[in-house]
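Subject: Structure for you to look at

Hello,

Here is the structure I said I would pass on. Please open it beside this message and follow along; my notes come after it.

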Amino acid sequence: MTKTAQSVWENCLVFIKDNIQDQAYKTWFEPIRAVELTDNALYIQVPSKFFYEWLEEHYVKLLKVALTKELGNGAKLLYKIKMENVYGNKQPFTEQLPSAHRTPVKPQEVDVPLQNKNPELKNPFIIPGIRNVKIESQLNANYSFDNFLEGDSNRLARSAGMAVANKPGGTSFNPLLIFGGVGLGKTHLAHAIGVEIKEKFPEKTVLYISAEIFTQQYIDSVKRNTRNDFIHFYQLIDVLIIDDVQFLSGKTGTQDVFFHIFNHLHQNGKQVILTSDKAPVDMQDIEQRLLSRFKWGLSAELHQPDYETRISILNNILFRDGVEMPDEIVEYVAKNIKSNVRELEGAIISLIAQSSFNKREVTIDLAKQVVEKFVKNVKREISIDYIQKVVSDYFQLDVDTLQSKTRKRHVVQARQLAMFFAKKFTKASLANIGSQIGDRDHATVLHACKTVDNLVSTDKQFRKFVDDINKKLSI
C-alpha cells in the first residue's frame, strides 16, 4: 500500500496518543493537519508560530521517534504555519519551517565530595563543597551536526568530531584540536560535538568554555586561595571543550593548571576538545610540555569553503528560515563572498532582512548592494605573521632577516615598524608580539612603538614608510 501524508500522520498519532495525556493530545495534536509527503519528509500544518515553538520545545523527541518508526532514520518533519497576511492581501500566506529535532541542552547534575560546610558555594569556581552540583554545559543546541554542512574544506574535522561524539574518550582523537581561520566554524563544530554527546550519553558531564573565561576563573581562584578546588571541579568533567586555546599564550600560571587538569582527564579516559586559530606548531608562548600534549591526538584544520559548499550553506540557511530565493541570487552571493562561513551567513541574512523589512523583492541589484556593503564593512583579521610578511616585502627583506639579531639600521627600522603595526592591528600582548618578532621582550616592543611615534613626527621619509604600510594593511 502506498504511503500518503495522511496515513503516515495517522500512524504517528496512534503512537503519540499512547505516550502522552489525553488533554495534551487534544490541545496540541488534534488541530494538526498532514498536508504533504515527499520522499522521507512529512509536512504538517499548524495553526500558529507559537504552536510550532511549543511542539519543538516540548514534543520534538516524541515526534522524532514516531516519524522515524514510519519513515526510517532519514525522516524529516516540516511545519507549514498558516499566517494572517497583514500586507493588504485577503488570503493568508503560509510560512514553512523545518523541525530542529533537538531539545535544549539540560544542566548535568554531579555528585561532589562534601569538603566543608560553606552554604554559599556556587558552581563551578569557588569551592565544590556541596552535593549534587548542577553543571550548566554552556552548549548551544542550535550548533548541531545537522547544520554543519560537510565539504572538502571540513571533511576531516567533521568526521573526527562525529567519531568523538560516538565514543567520547574512546578514540585516538584525544585531544581533538580543531584549528583554522576566523569564521570557518571551529566554535560551531566544538558545540556540535558536545550537543551530540549530550544526546547520546545524557549521563556524561560536558562543559564548553572559552580559554579567556577559563583564565579569568583561574585568576579568581588564586585570589580566593581556592586553586585546588578549581582544579578539582574541572577534574569532574567527562568532556571538556576549550575554545580559542591560543589565548593561553604567555599565561604561565593558567598553562600550568591546565596541564594538570589535562593530564588527569586524559589518564582517566575523559575527552578533551580544543579549538585554535593556528596549528600547534605555530603557537607562540605555549609551554613545550603542553604543546606536546596538544599533538597527542588529532589536529584537524578547517579551510575556506569551496564554491559548492558555499552554495549548500546558503541553501541550508534559506531552508532553515523558510525562505525561497532564486538560484541566481544564491550563486551571486556564493561567488562574491569566499573568505569564511560567518561572512557568508551574515550576507544572506542581511539580504533576507532587507527584503522582508523593506518589503522589497530580492533582485540581483539588491544582492549586489547588500554584498558590496557587507564586504566593505567586514574587517579582515590581521595576524602578526601577515604584518611581518607585508613589512618584509616592503623593505625587500625576508622574514628571517627581519627577525634576526642584526643591528643594521634598515633592518632595525623594519623590525620596529612590524612591532608598531602588530600593536596597532592585533590584540596580542607586548610580550606576545616581541616573542613572535625575533624573540624579543615586551620592553623592546614598547621602545619600538615609541621610536616609531617619534620618527613619524620628525622624519618625512619615515612617515612615508608608515603611510604606505598602513595602506597595505588596511586594504
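Strand β9 (residues 239-243) is largely enclosed by the rest of the structure, because five of its five residues are buried. Buried means under 20% relative accessible area, with exposed over 50% and partly exposed in between (1.4 Å probe, protein chains only). Helices (H or I, at least four residues) and strands (E, at least two) are DSSP runs, numbered from the N terminus.

This is a predicted model, in which local features need pLDDT of at least 70 and side-chain atom pairs count only at pLDDT 80 or more, while totals for chains, interfaces and linings use all residues. Residues are numbered from 1 along each chain as its sequence is written, and side-chain values use heavy atoms, with hydrogens and water left out.

In a regular strand the side chains alternate between the two faces of the sheet. Both faces of β9 are covered: Val 239, Ile 241 and Asp 243 are buried on one side, and Leu 240 and Ile 242 on the other.

**The sheet**

Five strands form an open sheet with parallel pairing, in the order β8-β9-β10-β7-β11. Two strands pair if DSSP finds at least two bridges between them. β8 and β11 (298-302) stand at the edges with a single partner strand each, so one side of each has no neighbour in the sheet. On average, neighbouring strands of this sheet are turned by 15° against each other, direction ignored.

Strand β8 (residues 206-210) pairs with β9 in the parallel sense over five bridges. Tyr 208 stands opposite Ile 241 in β9, and the bridge partner of Ile 209 is Ile 242. On the β10 side (residues 271-276), β9 pairs in the parallel sense over four bridges. There, Val 239 stands opposite Gln 271. From β9 the chain crosses through helix α9 (residues 252-267) to β10, and this β-α-β crossover is right-handed: with the strands pointing away from the viewer, the path from the first strand over the helix to the second runs clockwise.

**Two helices**

Which helix comes within 8 Å of α5 (residues 155-166), axis to axis? It is helix α6 (residues 186-200), and the two axes cross at roughly 25°. That makes α5 roughly parallel to α6. Angles under 35 degrees count as roughly parallel, over 145 as roughly antiparallel, 65 to 115 as roughly perpendicular and the rest as oblique. Axes are lines fitted to C-alpha atoms, for helices over the stretch in contact, and angles run from 0 to 180 degrees between N-to-C directions.

Regards
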